Each structure stands twice: as structure tokens, then as C-alpha cells.
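Hi everyone, thanks for coming. Please have a look at the screen, and I'll walk you through a few spots.

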Amino acid sequence: MTQQDQGLTTVWGAASHQGRRRTLNEDGYLATGRVFFVADGMGGHEAGEVASAEALAALSALTEVDQVEPALVEAYLELAQKRIRAIETDSGNAPGTTLTGVLLDEREDVPYWLFVNVGDSRTYMLSGGVLAQVSVDHSEVQELVDAGTITMDEARRHPRRNVITRALGAQEGVRADFRYIPVALHDRVLVCSDGLTGELTDDQITTILLEQPDPERAAAFLVDAAIQAGGRDNITVVVIDVTGVDHETLGSSTAPRPGTEPDEDTLPREEHEARSQGV
């Protein structure tokens, strides 16, 4: 689909599949011209699919908002948290869902990506032919990687690679990570559940994104490749392209890109909030 808004043109495509081994697809996605999210529900028949649907339903209100700020997103995340915690299950265990994605925002008339993440579903940016993970996994293996205990390659095979440390609904007081990155012409953003990244390496993902210029086909090819690689989990993919940007609102070509500025997740909460509010 294509949308033009305030000099910015986006084209996007999405695909989702339950995979080879699951009978239920607990994933869900929300994709409009300005708001793109993927949610990966947890709990199986304990209403994981309901949890992901409730999260996306709560955040769908952002599609009607002209000016998006992290504080507003947090408010809708709190609403999602309440709805998920209210889901009743036979066992009494609280279902949960990861959530990752991106919103288009403007700061001083310059278009920005506002990245949001809770859990181990991922958001990437492909810029200049280079794929960079923007989100940071909230998982036990990521903590081990950060501590230097294991490598990223070892993390892919670690027995506790599916244990996450943050999820909406499954815990009280869950906070999302936020990060702003200026929009640039020909940006391509990938939002996906771990059913994709659990089967394909970043190099394999990059190859498909570079070979498939149409975002709808790119999303379909990525899901199919993950199924062919094993399809052990639900797989959901959203691919967003920026195909047109008004040069007056594009901003500086020297604006930092992924990997060239401190990750917001490493900042103390107070400093993070100050940056998010432009202080």
C-alpha cells in the first residue's frame, strides 16, 4: 500500500504465517501510512493471540493522531497492558505479547522515525545497502551478549534464546524503549516477529530485502524463506519504504543513522525522557 502525507510518501507490505509446527498464529500486525507494529503473543491456547490483538487494537488509536510523542505512545501501551491483564485464562496464568514497530513523526518540521520496542521481536533499518537492528532484544541471551559471556552467533543456538525479560501483560510496570532517527529518502524498515529472525540470519534477510524492491513481495519472500528454513514459530513481517520526501522537510544529510549514535536504551531513564521530549 502507498500513502502520501505532508510531503512524505511511504509504501508498505506485510505477510504473516503460522509456520510449519504451529496450528495457531499468535502474531498480529498493524500497518498504516504512519504506524507500523508487529505483536507476538505468548500463551498458545492460553490466549496469546488475544493478547497480541488487544495490544494492536489499543495502539490503533495512534493512526488518528497528527503529532506523536513517546509519552502518548506510553499512554496507549498502558491501556494495552490493562486490557491484556484482564484476559481470563483457564489456568489463571496471564498471557502476554511482545511489541515492536515504528511511527512516523515530525520534530521541528523534520520527519523522524520513532521506534518502539518491548520484548524480542525486532525492527531493522536498511540504509545504503546496510541492514542495522534498531531495536534491542529484551531477552536473557541479549543480556549475556551485552555482558560478553556469549557471542551473537552463540545466542542464536543458546537453549534459553526464547526467554524474554519484558512483555506486555506478562509483567507489571513494563516500559518500552524509544529511539528517534531522521527519515531519509530510500529508507527501508523491517518490522518482524522472532519467527523470522529465529530462522534467517541478518545476511539472508539483507539479501532478500535488496533483491525484492516491492515491499509486498519482500515481505512474502521473507516469510516463505523462514518457512523453508524450518518455520518452527509464527512468522510476521512488515516492510516499509520511503519513496518520496519533500526536500524542505528532509533534514540534514549528516543526521546520524543507526549505529552512529548512542542507543537510547543505554541512557538513564531521566536522560532518555529528556531527549524524547526534545529537552
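Let me start with a question: the charged end of which residue sits over the ring of Tyr 180? It is Arg 107, and its charged end is 4.3 Å from the ring centre. By "sits over" I mean that NZ of Lys or CZ of Arg is within 6 Å of the ring centre and within 35 degrees of the ring normal.

Before I go on, a word on where this comes from. This is a predicted model, in which local features need pLDDT of at least 70 and side-chain atom pairs count only at pLDDT 80 or more, while totals for chains, interfaces and linings use all residues. Residues are numbered from 1 along each chain as its sequence is written, and side-chain values use heavy atoms, with hydrogens and water left out.

Now the overall picture. The protein has 8 helices and 11 strands; these are DSSP runs numbered from the N terminus, with helices being H or I of at least four residues and strands E of at least two. Of the 279 residues, 51% are buried. Here buried means under 20% relative accessible area, exposed means over 50%, and partly exposed is in between, with a 1.4 Å probe and protein chains only. If you take contacts between residues at least 6 apart in sequence, 71% of them join residues at least 24 apart; a contact means heavy atoms within 4.5 Å.

Back to the rings. A search of the whole structure turns up 3 aromatic pairs. Rings of Phe, Tyr and Trp (for Trp, its six-membered ring) pair if their centres lie within 6.5 Å, and planes under 30 degrees apart are stacked, over 60 edge-to-face, and the rest tilted. One of the pairs is Tyr 112 with Tyr 180, edge-to-face, at 5.8 Å centre to centre and 90 degrees between the planes. This pair links distant parts of the chain: Tyr 112 belongs to strand β6 (residues 110-118) and Tyr 180 to strand β9 (residues 177-182), 68 residues apart. Tyr 180 counts as buried because its relative accessibility is 10%. Another pair is Trp 113 with Phe 115: the planes are at 45 degrees and the centres 6.5 Å apart, so this one is tilted. Both Trp 113 and Phe 115 are buried.

Next, helix packing. How do helix α6 (residues 202-211) and helix α7 (residues 215-228) meet? Their axes come within 9 Å and cross at roughly 150 degrees. Those axes are lines fitted to C-alpha atoms, for helices over the stretch in contact, and the angles run from 0 to 180 degrees between N-to-C directions. α6 and α7 are therefore roughly antiparallel; the cut-offs are under 35 degrees for roughly parallel, over 145 for roughly antiparallel, 65 to 115 for roughly perpendicular, and oblique for the rest. The crossing of α6 and α7 is right-handed, where right-handed means the near helix is turned clockwise from the far one by less than a right angle, and left-handed means anticlockwise. On the α6 side, Ile 205, Ile 208 and Leu 209 make the contact, and α7 brings Ala 218, Phe 221, Leu 222 and Ala 225.

Let's zoom in on Ile 208. Ile 208 is buried, at 13% relative accessibility. Beyond neighbours within four places in sequence, Ile 208 touches Leu 200, Ala 218, Phe 221, Leu 222 and Ala 225. Also in α6 is Thr 206, which is buried at 14% relative accessibility. Leaving out neighbours within four places again, Thr 206 is in contact with Leu 126, Gly 129 and Leu 131.

Glu 64 lies in the loop between α1 (48-59) and α2 (70-85) and is exposed, at 68% relative accessibility.

Last stop, the backbone. Most residues other than glycine have a negative phi. Where do we find Glu 108, with its positive phi near 55 degrees? Glu 108 is in the loop between β5 (96-107) and β6, and is exposed with a relative accessible area of 79%. His 186 also has a positive phi, near 75 degrees. His 186 sits in the loop between β9 and β10 (188-192), and at 61% relative accessibility it is exposed.
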